[in-house]
Amino acid sequence: MIKLNKIGKKLLLMVSVIMLIVFGVSFLLNNYFSANYYLFKMKNNVNAVYEELKDLTIPQLIETQEKIENDNNVTIVIIQNSGSTDEINENIEFALFKDKIVLNKFWITENSLEKIKEGKTVRLLFNQGKLKSSLLTVLYEKDQHLVLVGTVVAHNTDALKIVNQLYLYSLLLGIIISILLVALFSKKIITPLEKLKNIAKDITNLNFKQVEITSGDEIEELSHSINEMSNSLKNVHSQLEKKNQSLNTLISSISHEVKTPLSLIQAYTIGIKDGFDDGSYTDIILEQVNYTSEMVDYLIKLSKIHELEVKKEPFELKHLIQKIITQYNISLRNNNVHVVQNLDSIQHSFIYEDSNQIEIVMNNLISNAIKYGEEQYFEINLTNEDKNKIKFSIRNKTTSLQQEHLPFIWDAFYVAEESRNKEISGTGLGLSIVASILAKNDLQYEVVLVDSYIRFTIWFDLVESK
């Protein structure tokens, strides 16, 4: 048994009602108007023959009589319009009999003959009773001759009843078959819609499934759109979950990072109040205040990066790096560190990026190399990958990092140094800022650790110089 849902039932009901109306009107027209329509068409046929004959002379009419009768399925009788009414009727009946038209009833009245003599056309229908037929005639006078154009009209009432009965049975059978076919085809249409409805429910419940429909119509196109939507929502949901997880981690890390200096400040403040200060408490408090202030500054920068618009412009990367290194001359001298610059091997270093954001990236990487490098130098290199790419890298030695630390090095507040000594590890926010800027600018980057040397690498697209 075919099971239909609401749409299927509506479709079936709608089609069934339409079919009943159409078939019902057709049956009524056929049953009640077909006989009248048949008579109407026969009258039109006789009148058309009359219009063709009325202007012909009697010799012309006699010459074309046989052809006109055969072409139009009519009988033409031509007699002298003289004698009594009875003689005229007998002559016409005899002429019709010779044409094998047997009549039970036929009589042209004197009144009709008078009208004909006046030049009028008389149209008569003679019902033959039990013969189940009528004689349809048109009578007119031409050159003192009486012309009759007639045709036998069969009484088809009984035949029509039988035909209409068969037609009714055919209609009922057609309606039943049509309803079954509509139910079957509506099921084929509704089944894919049911699948789409279920998929929509799954997507609503964050179950991002796919649906496979091969109907070859708009429903299949709709399924492709829903699959694309499901994929997009899945990706967005995944990203949102990652962001929420990162936000939870960030909040937890901020709480931990802030709690530690505040606890130290509180403890040493109490120590000063109780008179236990050995002269170093104030320095420790200031150190923790500076660390907290530095961390807040980094957090403000990190939050602003997500709001900043990328404003790209052409500039020379080599000049930007050299300018930043110059700004660190004092810090380099104080830390007894020098920079090995391999920048002159390339002649052209124009890139099309946001210079202010790239400057923040370079500042963070260079300051990290100065602060956390374990040798008296670090390297900065610019090399051409090909004619369309330039590779920037900065390399310094570190023994505090291991390979297992690298996947987390870009995370906020991540520090690899287990003691979390702030002089060694810092806030753990600098590289998070770097990663955020590079991702925002769609730049490829990586970090590798080889033989206790860490190397940060960024790739830029070269552009034509001004």
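**Notebook: sheet, hairpins, confidence**

I looked up the open sheet first: five strands in the order 6-8-9-11-10, with mixed pairing. Strands pair here if DSSP finds at least two bridges between them. Strand 6 (338-342) and strand 10 (444-450) each have a single partner strand and stand at the edges, so one side of each lacks a neighbour in the sheet. The twist averages 15° from one strand to the next. Strands (E, at least two residues) and helices (H or I, at least four) are DSSP runs, numbered from the N terminus.

This is a predicted model: local features need pLDDT of at least 70, side-chain atom pairs count only at pLDDT 80 or more, and totals for chains, interfaces and linings use all residues. Residues are numbered from 1 along each chain as its sequence is written, and side-chain values use heavy atoms, without hydrogens and water.

Next, pairing inside the sheet. Strand 8 (residues 377-386) and strand 9 (residues 389-397) run antiparallel over seven bridges. I found Arg395 in strand 9 as the bridge partner of Glu379.

Then I checked strand 3 (residues 133-142). Six bridges join strand 3 to strand 2 (residues 122-127), antiparallel. Leu125 stands opposite Leu136. Ten bridges pair strand 3 with strand 4 (residues 145-154), also antiparallel. Two residues separate strands 3 and 4 in their hairpin, and Asp143 in the turn has a positive phi of about 50°.

Last, confidence. Mean pLDDT (the predictor's confidence in each residue, from 0 to 100) is 82 for the chain. Helix 11 (residues 422-425) has the lowest mean among the elements, 40.

How values were computed: Axes are lines fitted to C-alpha atoms, for helices over the stretch in contact, and angles run from 0 to 180 degrees between N-to-C directions.
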